[in-house]
Amino acid sequence: MMEPLFSDPMEGQRSLKDRLAAACSFTALRTCFPILTWLPRYNLTWLRMDVLAGLTVGLTVVPQGLAYAEVAGLPVQYGLYSAFMGGFVYCVFGTSKDITLGPTAIMSLLCSFYIGGDPVYAVLLTLLCGIIQTAMAFLRLGFLLDFISYPVIKGFTCAAAVTIGFGQVKNILGLKGVPQQFILQVYYTFHRIPEARVGDVILGVSCLFFLIMTTMMKSTLRSLEDSPSSLVQAARGIVWSFATIRNALVVIAATCVAYSTEVMDYHIFTLTGKTAKGLPPFSPPSFSETTANGTHVSFNEILLDLGGGLAVIPLMGVLESIAIAKAFGSQNNYRINANQEFFAIGLANILGSFVSAYPVTGSFGRTAVNSQTGVCTPAGGIFTGLVVLLSLAFLMPVFSYIPKASLAAVIICAVAPTFDFRVVPQIWRVRKLDLLPFLVTFLVSFWEVQYGIVGGVAVSGLMLLYVVSRPKLKISDHGVAVVELASGLHFPAIEHLSRVLRTHALHVSPPRSAVLDCHHVSSIDYTVVNELKDLLKQFKLHDVSLVFTGLKPSVLEVLLAAELPGFIYKDSMEAGLQTLSNSPHSD
């Protein structure tokens, strides 16, 4: 099934029997099913560490899943529906031991713009995203991610952090009916501050204070002495444990407080409200919908409504996940297979759609927890999934008492680290022009996130095209014009090169010959060949010569096949200059 994902340069020279034998070999199976690389060596020590990491991440993902569903505009149970299938699938097909798949803040924000709070749209979007991502894996389209530059990614994540974080202020204040659009959200949040509910404000601020303090305590553990006593080491372990499951502690404590006030008939907190009980049914997503007023929405209409989300969400999903996997692979000294990651994420989304999940990707925060807890294999995701399933099976009635202010505090603290204020001075020091795609992405994202990404990619693409179309040329005078290409030569650049050669050789008085040094050129196309043909004719009409030097064999082969009139080539620039000095038309 996975054979098209992996190509062999010798494949065309093998017989069908050899190809089938190679495809069925254990090495090929290990490539298709990475679980086979570590499962035969699995031991009790690894199991113990995977269980610990899986349970720890599980206690993190349950409150985060509930909170991120709010960001996506869905009922809170959909956050948990999205949090368990990824761990099971990735255990078999994933190549990173650290990464955890599930709902994330950025993916939830992106989904909110396309699904309009409709679970039918969300689940169908998950299936379509999975199909697109899997198809990209089979077609080996991972190179498309290379066109999303780092400034665009940072501009998007910084804007998303601000958008998501500020979007939760209304829940801290207990406000309802605030618009989703960011500019309007800012205006109406400040305009309606006098309507804030005191209970929500006190609870939300208290949760924020606890989360910030425990995060700071955890960060200070790294700067303490390296060889502490056993008592200090135990104290550190307790602090680290409490800080790691801080989200779960906050939600549990806030739920207990809210439940107590509801029992006493004091409704002072805004609660998540009624939630669906039990596990989600395993069934294919619906391809159409009948709304509450009886309107039938067909599959084609849903596709039109999802629109650009079918491009933005699959790409951003794999981009976020692969970037995280690469980062932790580098940190922990292992390599990932990016194409296999495409397939694992796509399959997780396809199967996730059968349990009412919305699109998932890798989570940086939970992956960091997984790594720091000492996970040894992707099997940790199985135990994370079991924690989520147990929560769905037995705790859903309790979740209806979770205050929205506590979930808002969890979200704000989760997205705050993604706002990297240091990136602007870093970009400024390295290359000031790269601030342009960063700022375009950052600012436009406050209007519409998807337009911010598209705008940033477009600006980066234009900058890249300008570099390709205007390669650096080193021009010198050796009695003849010598033009040295400092980079490759492709069709957008040939007009520029032609203009420079005409200016320095043909449009001077008297016209003179020229040497074109091509040792940096590795390939050319038909447009380049056609323009060179016209250029050689112009040189011949002016009774001067154009000599090519430093041609690579592949380029020379193309030029010879084109049968260019008056084509002269030499191995080196010195040989070219010597040829022109002996020519009666060199002056």
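A: Leaving aside neighbours within four places in sequence, threonine 214 is in contact with Ala243 and Arg246, where contact means heavy atoms within 4.5 Å. The model is a predicted one, in which local features need pLDDT of at least 70 and side-chain atom pairs count only at pLDDT 80 or more, whereas totals for chains, interfaces and linings use all residues. Residues are numbered from 1 along each chain as its sequence is written, and side-chain values use heavy atoms, with hydrogens and water left out.

Threonine 214 belongs to helix H12 (helices are DSSP runs of H or I with at least four residues, strands runs of E with at least two, numbered from the N terminus). With a relative accessibility of 8%, threonine 214 counts as buried (under 20% relative accessible area is buried, over 50% exposed and in between partly exposed, with a 1.4 Å probe and protein chains only).

Helix H12, residues 198-220, packs with helix H14, residues 246-263, at an angle of about 155 degrees, the axes being 10 Å apart (axes are lines fitted to C-alpha atoms, for helices over the stretch in contact, and angles run from 0 to 180 degrees between N-to-C directions). H12 and H14 are therefore roughly antiparallel to each other (under 35 degrees is roughly parallel, over 145 roughly antiparallel, 65 to 115 roughly perpendicular, the rest oblique). On the H12 side, the contact is made by Leu203, Cys207, Phe210, Leu211, Thr214, Thr215 and Lys218, which meet Arg246, Asn247, Leu249, Val250 and Ala254 of H14. By class, the residues of this contact of H12 with H14 are seven nonpolar, three polar and two charged (Ala, Val, Leu, Ile, Met, Phe, Trp, Tyr, Cys and Pro count as nonpolar, Asp, Glu, Lys and Arg as charged, the others, Gly among them, as polar).

H14 also packs with helix H4, residues 44-72, here at about 55 degrees and with the axes 7 Å apart, and H4 and H14 are therefore oblique to each other. Leu59, Thr60, Pro63 and Gln64 of H4 make this contact with Asn247, Ala248 and Val251 of H14. The contact of H4 with H14 has four nonpolar and three polar residues, and no charged ones.

Phenylalanine 166 and phenylalanine 182 are both buried. Tyrosine 259 and tyrosine 401 likewise form an edge-to-face pair, with 5.0 Å from centre to centre and 85 degrees between the planes. Tyrosine 259 lies in H14 and tyrosine 401 in the loop between helix H20 (396-399) and helix H21 (404-415), so this pair ties together parts that are 142 residues apart in sequence. Tyrosine 259 is partly exposed, at a relative accessible area of 42%, and tyrosine 401 is also partly exposed, at 28%.

As for the setting, the protein chain has 28 helices and nine strands, and 48% of its 587 residues count as buried.

Key. Rings of Phe, Tyr and Trp (its six-membered ring) pair if their centres lie within 6.5 Å; planes under 30 degrees apart count as stacked, over 60 as edge-to-face and the rest as tilted.
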